[in-house]
Amino acid sequence: MKRFLQIAAICISALLLIGVFVFLFMESRWAKPRHFEKHEAFLYGPTGTELMPLAVFKVLPDMFPDYFQPAGKEAGDWIDQFGFNRGQPGVNEGLPLGFSITNYRPKSGAPSPVAFVGFSCSMCHVSQIWRPGKDPVLVEGMGNYSVDFIAWVDAVRSALLNEDRLTVDSISEAYEKKFNQPLSFSEKAMLRVWLPGTRKFFKDNLPKYDEPFHGLAARDSRLMPNGPARTQPFRNLIRIVLDRPATSGDNAFCKVPTLYEQGNRVWGQYDGSVGNRLSRSVLAAIATGATIENLIIPDVSNGVIGAVDYTVTLKGPRYEQLFPEEAAKIDPAKVERGRQLYMQYCVSCHGSRNTQTGKWENGQFTGQVVPIEQIKTDPERVNFRYNESLPDALYAFFPDGHPLRPKREDIRPGPAGTTRGYINQPIESVFARAPYLHNGAVMTLAELINLKSRRTVFYRGANVYDPIDVGLSSPAQPETAIYYRFDTSMRGNSNQGHDYPWAYQGPGWNQAALEDLLEFLKTMW
Amino acid sequence: MQALNSRRHITLTQFTATFVPFALLLSAALMVPEAPQILEHNRAYYNIELLVYYRTIFSIWLTMAFLIPAEVLFFWPGDSPQRRNYWLLCWTFGFLAFAVHFYYTIGIIFHGSLREVYAKQGVVIATSNLLDFAWWGFDLVLAWFVKKEAKWIHVQRVLAHLYIPLTFFVSAVVIKRGFVRGLGIVMTVAIVGTLLLRFLRRRHAQLVVSPSEV
């Protein structure tokens, strides 16, 4: 008996040890290092924001059509209804643009036997321009004006928090039904770890993030104040870094920025608060789920750096490429008169393209922060509660020696300035930057330059581009794809300010001159 | 001092008593750092570097856990086949744990680059660690495969059993802090105590023998 027990103990111990070594060997091969070219990194590269296993990602919308197809099944799939850019079959598992696939587990970046899905830069910074009567075109670098990212995240959170409908068994069943094959052993094992852990994470954070909306409620601007193409850029950082709910008085809505030729600017964010391109991306990644631990994984940091580098020289489109018929009708004489007006009223802040060298040349005041009292656009973005305390907290969030720690002088308010306002930025390819102002409250360039009065209420979603007034057109009533009621009287949504060259029908207002200016802006690239 | 030769008949009990704790503890040393990630998903408790770091820490603890009895058994006065076998098993499993530690430090943390090892650890510590590993491994080969031990084998083994714990003493007690220092102190006390006991026994034996010789 003793001998039997001894042999059994040896065998069990040996098997355990062999099992551990086999596990470690396999684990070392799960996350194979992958090199992304800059363009590829921008489109598909990881950012440390892994959210859910690929298998779950593929079936979650099918399991919760009420969450992911809030306008009904006939209104299109979740990709259409949340404004993502559809991917190509066979590329990146056919996922919509902006989702990365890695074998890293969320948060820690530990290797995973199954693939996880996270976000890449192209989700927000590649936009489809819906041209009237033509096929849409994808514009890299343009802020995605259709994506309703916050509403989609709420749909995901709603699904994850639904303990009755989302279980390992229900996911397995949905997967088998869709793909006619069961989940693998490792996928099931990972689900058993991932689902309770992620659910606990979201539950624990409910006091900070609040109960998510889903279905039609997620499209209701009274409940979801962001709407398509907008985020609250520092809200999640306040939650993560300061451990505060960020609900009190925080209406700092911002449109998803356009990233053409980032090499032309030093300070980023609409208020000029972050002075380093990589730091901007790192903070954006942390706000969407990355951690200071997984960001230093070579694959992840190289992906982020590659994507950032790609935007340094990324050129915006030209009007004539997207709207050739309309471009052919442009009167060169009007363009020239408009150019002169631009050089008189606009160039000192925004700079202009040197048509000889092809380079953007900044103006006298480009890169300066204009105080809110002067620019008079919506002040919420720079007056949110933690505006002053957040920079120090962000700096302290990264441990000493962390390779991605931002320099303190690269975050404002701080040693580099404390002005609350909005930064004068270059406006390369300005026609492909709609909607306008930092909060996306002005739909067209014609309204921005006060050629036309600014609409106070309009609808947002997958808006058709208006090549005449240059920007987004809006239906009079909500439609399936253009559903979000944007009311500029709501807090954080003001369309006032930036009354250059002149306020609408105010002193000096010259309609003909503004029409010329609009023609020139169409040709600006 | 009696040489512990390689003529051995290791019993199942002896093997079980050493291998089972070795296998269980090594499994734990390698897997415990994974546990937070496996059990507590979605928490950034550690990163991959930290995972490797903890494996190096736990594996050196395990090394010392086997080095201590190996040293005591080696220097313990007298000789018996049972003691010899336990010494060899502890000496062997201690080395295997050290090999795991060596793999994670040299192979992973320093990317298998001796240049990096010397740059980060300095000449003295790096050379000492490499010598530890080489000497320990060399002696094990002799212990397992040389049937008739020559005098030089015995001498080098005694020296190895003094040199290796001396380097562990410097590393664990002088340089490091925390649990490993505790292990270092236990090791030091155990070895010094055993040597003292050996010395006293020998002296006592001499005193007992002396009167009859008079």
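Predicted model: local features only at pLDDT ≥ 70, side-chain atom pairs only at ≥ 80, totals over all residues.
At least three residues of the core come from each of domain 2 (31–312) and domain 3 (319–378 + 426–523) of chain A. In soluble globular proteins, nonpolar side chains tend to be buried together.

To see one of these residues in its surroundings, consider A:L518, which, once its neighbours within four places in sequence are left aside, is in contact with A:G338, A:L445, A:A446, A:I449, A:L451 and A:V470.

α7(A) has 13 residues and reaches 18 Å from its first C-alpha to its last, close to the 18 Å expected at 1.5 Å a residue. Eleven of the 13 residues of α7(A) are buried, so that the helix is mostly covered, and among the buried ones are A:F149, A:W152, A:D154 and A:R157. The elements that cover them include α3 (54–63), α4 (65–68), α6 (122–125), α9 (185–204) and β6 (230–231) of chain A.

Stepping back to the whole chain, chain A has 22 helices and 15 strands, and buried residues make up 50% of its 525 residues. Because a compact globule with 525 residues would have a radius of gyration near 24 Å, the 25 Å of chain A agrees with that expectation.

Definitions and conventions:
Residues numbered from 1 in each chain as written. Chains lettered and ligands numbered in written order. Domains from an automatic or database assignment. Contact = placed C-beta atoms within 7 Å. Helix = DSSP H or I, 4+ residues; strand = E, 2+ residues; numbered from the N terminus. Expected span 1.5 Å × (residues − 1). Buried ≥ 20, exposed ≤ 12 C-beta atoms within 10 Å, placed from the backbone. Rg over C-alpha atoms; globule rule 2.2 N^0.38 Å.
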